[in-house]
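Let's take a walk through a protein model together. Have the sequence and the 3D view open, and we'll stop at a few spots along the way.

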Amino acid sequence: MSSQEYRHIVRIIGNDIPGERKLLVGLTQIKGIGHNFATAIATTLKIDTNSNIGNLTDANVQEIEKLITNPSEANFPSWFLNRQRDIETGKDLHLLTSDIPFTLRNDIERERITASWRGYRHLSGLKVRGQRTRTSGRKGGAVGVAKGGLAAPVKKASSGAPAAAAPAAPSGDAAAEAAPAEKKE
């Protein structure tokens, strides 16, 4: 392979990759690099995709890092990058590692602030891209209607609780007194 000795851990763009991994699999461990992007890197730099990452020379690792951080210099098409026409800069970018969730959170927050329809959907926790929501996309629980029946039973008052607000039935004497009074009027 190379005159350099085998390394058990190779550090690329701040990620520790085990040396026994194949080149394509090792590069895909970096967040933001998929299989196609790793294959394009290997073919551009003319590195054997079947070799282990631990056999790479320092020069190869530096070339890989340079290509990953600035893929437009290697004439990668803009559709190959994961952030075309960035909203703030207008440039085509390729985001890596922690930049991906940070940018995603900023995009969602910007849509909420502008009160766009997508922002409202994100705010409510609903589907954003026009999917149906009647049966699919429910978070937890079973699909369908809950079985009906009687309403929830009324709790009985405990001994220490105040009496219910319902009017008490009049006693026999009070009923007799109330009845003649109504008749006289």
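This is a predicted model: local features need pLDDT of at least 70, side-chain atom pairs count only at pLDDT 80 or more; totals for chains, interfaces and linings use all residues.

Now find Asp 107. Its relative accessible area is 15%, so Asp 107 counts as buried. What does the side chain of Asp 107 meet in a salt bridge? The partner is Arg 83, with 2.8 Å from N to O. Arg 83 is buried as well, because its relative accessible area is also 15%. Trace the chain and you'll see that Arg 83 sits in the loop between H3 and H4 while Asp 107 belongs to helix H4, so this pair ties together parts that lie 24 residues apart in sequence. And the story goes on: salt bridges with shared partners join Arg 83, Asp 107, Asp 86 and Arg 110 into one network. Within it, Arg 83 also bridges to Asp 86, where the closest N and O atoms are 2.7 Å apart.

How many salt bridges does the structure hold? There are seven. In general, side chains of opposite charge can pair up when their charged atoms come close. Let's visit another one, between the side chains of Arg 7 and Asp 58, with 3.0 Å from N to O. This pair links distant parts of the chain: Arg 7 is in the segment before strand E1 (9-12), Asp 58 is in helix H3 (residues 58-69), and the two are 51 residues apart.

Our last stop is a pair of helices. Two packed helices are described by the angle between their axes and the distance between those axes. Here, helix H4 (residues 99-113) packs against helix H5 (residues 117-124) at an angle of about 110°, with the axes 7 Å apart. The two are therefore roughly perpendicular to each other, and their crossing is left-handed. Which residues meet there? From H4 come Ile 108, Glu 111 and Arg 112, and from H5 come Arg 118, Gly 119, His 122 and Leu 123. Sorted by type, the residues of this contact are two nonpolar, two polar and three charged.

Definitions and conventions:
Residues are numbered from 1 along each chain as its sequence is written. Side-chain values use heavy atoms; hydrogens and water are left out. Axes are lines fitted to C-alpha atoms, for helices over the stretch in contact, and angles run from 0 to 180 degrees between N-to-C directions. Helices (H or I, at least four residues) and strands (E, at least two) are DSSP runs, numbered from the N terminus. Angles under 35 degrees count as roughly parallel, over 145 as roughly antiparallel, 65 to 115 as roughly perpendicular and the rest as oblique. A crossing is left-handed if the near helix is turned anticlockwise from the far one by less than a right angle, and right-handed if clockwise. Contact means heavy atoms within 4.5 Å. Ala, Val, Leu, Ile, Met, Phe, Trp, Tyr, Cys and Pro count as nonpolar, Asp, Glu, Lys and Arg as charged, and the others, Gly among them, as polar. A salt bridge is a side-chain nitrogen of Lys or Arg within 4 Å of a carboxyl oxygen of Asp or Glu. Buried means under 20% relative accessible area, exposed over 50%, partly exposed in between (1.4 Å probe, protein chains only).
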